Amino acid sequence: MRVLLTGGAGYIGSHTLLQLLQKENEALVFDNFSNSSPEALRRVKQLANRDFAICDGDIRDADSLDEAFRDFRPEAVIHFAGLKAVGESNEKPLEYYGQNVSGTIALLGAMQRHGCARIVFSSSATVYGESKYLPYDEDHPLQPTNPYGRTKYFIEEIIRDWVTSWPAASAVLLRYFNPVGAHPSGRIGEDPQAIPNNLVPYISQVAVGRLAQLSVYGDDYDTRDGTGERDYVHVDDLAAAHLAAVQFSARTRGCEAINIGTGRGATVLEMVRAFEKAADRPVPLRITARRDGDVARSLAATAKAKQLLNWEAQYDIDDMCQSTWHWQSSNPNGYTD
Ligand code: NAD
Ligand code: UFG
């Protein structure tokens, strides 16, 4: 199959690219490298021992998209490209709507012009907002609480309308829970450009000595130990879910939203302990105030992914922490090493 990956040089895109190549698919990465490094692609090529096409372009640029679609003639698109920092989206909402929403509209237009009718989209559990019940199933009300989350919600609606207007089209909206971990080779992984916002990259930079200590945002939540509980999912499980979703999109029409998580939660302190075991060293921490906008618990209902994609997570939090540590300790400064 010929698959075009927007944002294919990024954290989740690079892991998915590797699995696509290992399964004998042809790939084109369309990325503007605003939050990624060409080095990630060089390493994927080495690991897969296979070549693929690269287009340095912006999804908002219709001419670049047209050129890529004309040359490569993809059968399906996996759409990762976009901005993803919740805090930054509060400060720069127009930038987020421009890149994420307008970028997706440009992409869907190019797909239609070139007869490419299948898309898998990177959505997020953040579309659910405050939980009415747990675990979140795909019918849970959608009430995102920040501009980033609203871009995902609006894009989901736009893709639904696009699919309705084009009988040949099919779309899978994957609502990721908390992706963490790295490829077991330690060659590719998450490489945040600034101080990480997310828990596991932060812990791992403390463990490797780049940051002094972890701030635990609140220990007075209604959870087992008072710290926030999340559904962490290994990036290689997530990559496998994309392959299953692309195949599913070939045998169906219409639009499906599907949660991608494990259905099991871990608290902040449980993740710290798992990481300390994986890295065999202490992770200094202090308890601080809650972070604005955080919920106590987030957990995925996983039945729909199993039923439609025949996908379920294989890895647990020990695997996630061990692979993160292998990547971080082999590449203390990420791809700039
Ligand atoms: P990432 O930043 O590592 O990857 C995104 C890639 O898109 C980068 O390579 C970046 O250079 C590229 N890009 C950004 N804007 C672009 C544009 N206008 N044109 C072309 N390329 C562009 O992020 P990631 O963690 O791999 O996330 C991938 C997708 O999954 C994003 O859409 C994100 O919102 C979504 N998501 C991520 C998480 C998470 O925790 N990582 C959770 C839920 C959803
Ligand atoms: N946390 C800390 N200290 C930190 C960072 C995080 O204690 O330095 C805690 C948070 O309070 C939360 C947990 O660790 O309880 C997880 O926080 P993350 O920032 O790693 O993840 P979130 O669940 O807050 O958000 C993530 C992505 C969002 C996405 C959301 C739902 O960052 O982009 O999952 O998919 F929208």
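This is a predicted model: local features need pLDDT of at least 70, side-chain atom pairs count only at pLDDT 80 or more; totals for chains, interfaces and linings use all residues.
Residues are numbered from 1 along each chain as its sequence is written, and side-chain values use heavy atoms, with hydrogens and water left out.

Arg230 belongs to strand 9, residues 229-230, where a strand is a DSSP run (E) of at least two residues and a helix is a run (H or I) of at least four, both numbered from the N terminus. Buried means under 20% relative accessible area, exposed means over 50%, and partly exposed lies in between, with a 1.4 Å probe and protein chains only. A salt bridge requires a side-chain nitrogen of Lys or Arg within 4 Å of a carboxyl oxygen of Asp or Glu. The side chain of Arg230 does, however, have a polar atom 3.2 Å from the backbone oxygen of Val295.

Side chains of opposite charge can pair when their charged atoms come close. By the salt-bridge rule the count comes to 21. One of these joins Arg50 and Glu26, at 3.5 Å from N to O; this pair links distant parts of the chain, with Arg50 in the loop between helix 2 and strand 3 and Glu26 in strand 2, 24 residues apart. Glu26 is partly exposed, because its relative accessible area is 42%.

Another salt bridge connects Asp220 with Arg290, whose closest N and O atoms are 3.0 Å apart. Here too distant parts of the chain are linked, since Asp220 sits in the loop between strand 8 (214-217) and strand 9, and Arg290 in the loop between strand 13 (285-288) and helix 10 (303-309), 70 residues apart. With a relative accessible area of 53%, Asp220 is exposed, whereas Arg290, at 44%, is partly exposed.

Finally, Asp61, Asp63, Glu67 and Asp71 form a negative surface patch, a patch being made of residues with over 30% relative accessible area and no salt bridge, in which like charges are joined within 9 Å and nonpolar side chains (Val, Leu, Ile, Met, Phe, Trp, Tyr) within 5 Å. Asp61 lies in the loop between strand 3 (53-56) and helix 3 (62-72), and it counts as partly exposed because its relative accessibility is 32%.

Methods. Chains are lettered from A and ligands numbered from 1 in the order in which they are written. Accessible areas come from the Shrake-Rupley method with a 1.4 Å probe; for residues, only the protein chains shown count as cover. Lys and Arg count as positive and Asp and Glu as negative; His and the chain ends are not counted. The place of a charge is taken as NZ of Lys, CZ of Arg, CG of Asp or CD of Glu. A polar contact is a pair of N or O atoms within 3.5 Å; within protein, one must be able to donate a hydrogen and the other to accept it, and residues adjacent in sequence count only if both atoms are side-chain atoms.
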